[in-house]
Amino acid sequence: MENQQYLRFGLGCSRMSNVSSDRKESISTIHAALESGITHINTADFYSSGHNEMLIGDALKGYKREKVFLSLKFGALVAPNGAMYGLDVRPQHIKNYLTYSLKRLGVDYIDLYQPARIDMAIPVEETIGAISDMVKAGYVRQIGMTQVDAETLRKASSTHPISLVEYQYSLFNRSIEKEILPAARELGIDVVAFGTLSHGLLSGSFSKEKADHSNAHIPLFAKENIDKNLSLIEALRVIADEKQVTVAQLAVAWILAKGKEILPLIGARKVSQLKESIRSFDLQLTEADVKRIEEAVPVQEIAGGSFPQMKFKNGVVVRP
């Protein structure tokens, strides 16, 4: 990998551990990402209750540890049926979580360690302080955050330098542009963007019929919203066709054009999907292109949200 150009993408591995995933294909996808110059591997200890970590650990055998950047979330509580029912980011438990993750991944340290969410009942300074102890001990290199507000991000940053913060960001969810993105830029924190294709809406192949059977719990896909949102996709398709790219490639290229400090995650579980997404890197959008794309999907015209924002208190989900 020494001769490969670094690509400004991360590989999101959560979909590699679902029931339909092929283990061999998933490992091949991780290898293809590394060989393409994608070094950021994004996972969580609760993705299939540790299965994802073990899969990545197997895939990384034979690769130089320093050539891979492992980003790991922790703290989500998952039931045997796979449903997330709460959060545990209590400081005294963080060392235990980390110990198991190191074993499953087969590594001596984690490059970026971050709570999956923040529990409002626990001062964020205490959670970050416990992770910083693991930095001092050499088991963690950098600390990250996930889906927090600007005030919490500032508090965390005052406790220990925060290297990356992870948010959902796409043409259909630009909420971070108001306060979060300016705060991150002010603090010198880079942003990892997940959900860049809006749960498949921006894949370019989504239809109203599919919305009736999948993702129906997400407001964007509700019966009263889907027609409006699909009409916006068609406006994007006109631009994509002109540039001879797919809607998905155009959507990812738009994020790349929003700032060099933003790293989009590719949620591929097949080599073909990975290669398709990487082609977005070759599409250089001008300021005029970006403006036109955003005018095709005006924020005020988007019907429904991408997902309900989850907050936790005493380890239990609190609905806003």
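Start by selecting A116, which is found in the loop between β6 (110-115) and α4 (124-136). Helices (H or I, at least four residues) and strands (E, at least two) are DSSP runs, numbered from the N terminus. This is a predicted model, in which local features need pLDDT of at least 70 and side-chain atom pairs count only at pLDDT 80 or more, while totals for chains, interfaces and linings use all residues. Residues are numbered from 1 along each chain as its sequence is written, and side-chain values use heavy atoms, with hydrogens and water left out.

**Around A116**

A116 has a relative accessible area of 5%, so this residue is buried. The term buried means under 20% relative accessible area, exposed means over 50%, and partly exposed lies in between (1.4 Å probe, protein chains only). Show the contacts of A116, meaning heavy atoms within 4.5 Å. Neighbours within four places in sequence aside, they are F46, K73, F74, A76, L87 and T146.

**The F74 ring pair**

Next select F74 and Y97. Rings of Phe, Tyr and Trp (its six-membered ring) pair if their centres lie within 6.5 Å; planes under 30 degrees apart are stacked, over 60 edge-to-face, and the rest tilted. The count by this rule is five aromatic pairs. F74 and Y97 have ring centres 5.8 Å apart and planes at 40°, so they form a tilted pair. This pair links distant parts of the chain, 23 residues apart: F74 is in strand β3 (residues 69-74) and Y97 in helix α3 (residues 91-105). F74 counts as buried because its relative accessibility is 0%. Y97 counts as buried too, at 17%.

**The Y169 ring pair**

Move to Y169 and W254. Their ring centres are 5.4 Å apart with planes at 50°, so this pair is tilted. Y169 is in the loop between β8 (162-168) and α6 (180-187), and W254 is in helix α9 (residues 247-257), 85 residues apart. Both residues are buried.

**R65 and the face of Y109**

Go to R65, in the loop between α2 (51-59) and β3. At 18% relative accessibility, R65 counts as buried. What lies over the face of Y109, at 4.0 Å from the ring centre? It is R65. R141 also lies over the face of Y109, at 3.7 Å from the ring centre. A charge sits over a ring if NZ of Lys or CZ of Arg is within 6 Å of the ring centre and within 35 degrees of the ring normal.

Stay on R65 and show its polar contacts (pairs of N or O atoms within 3.5 Å; within protein, one must be able to donate a hydrogen and the other to accept it, and residues adjacent in sequence count only if both atoms are side-chain atoms). The R65 side chain has a polar contact of 2.8 Å with the side chain of D111, and reaches the backbone oxygen of V68 at 2.8 Å.

**The nonpolar cores**

Finish with Y113, M145 and F172, which have the most contacts inside the largest nonpolar core, of 99 residues. A nonpolar core is a set of buried Ala, Val, Leu, Ile, Met, Phe, Trp, Tyr and Cys residues joined through side-chain atoms within 4.5 Å. Helix α9 gives the most to this core, with eight residues. Another core, of six residues, lies apart from it and includes F69, L164, V192 and L263.
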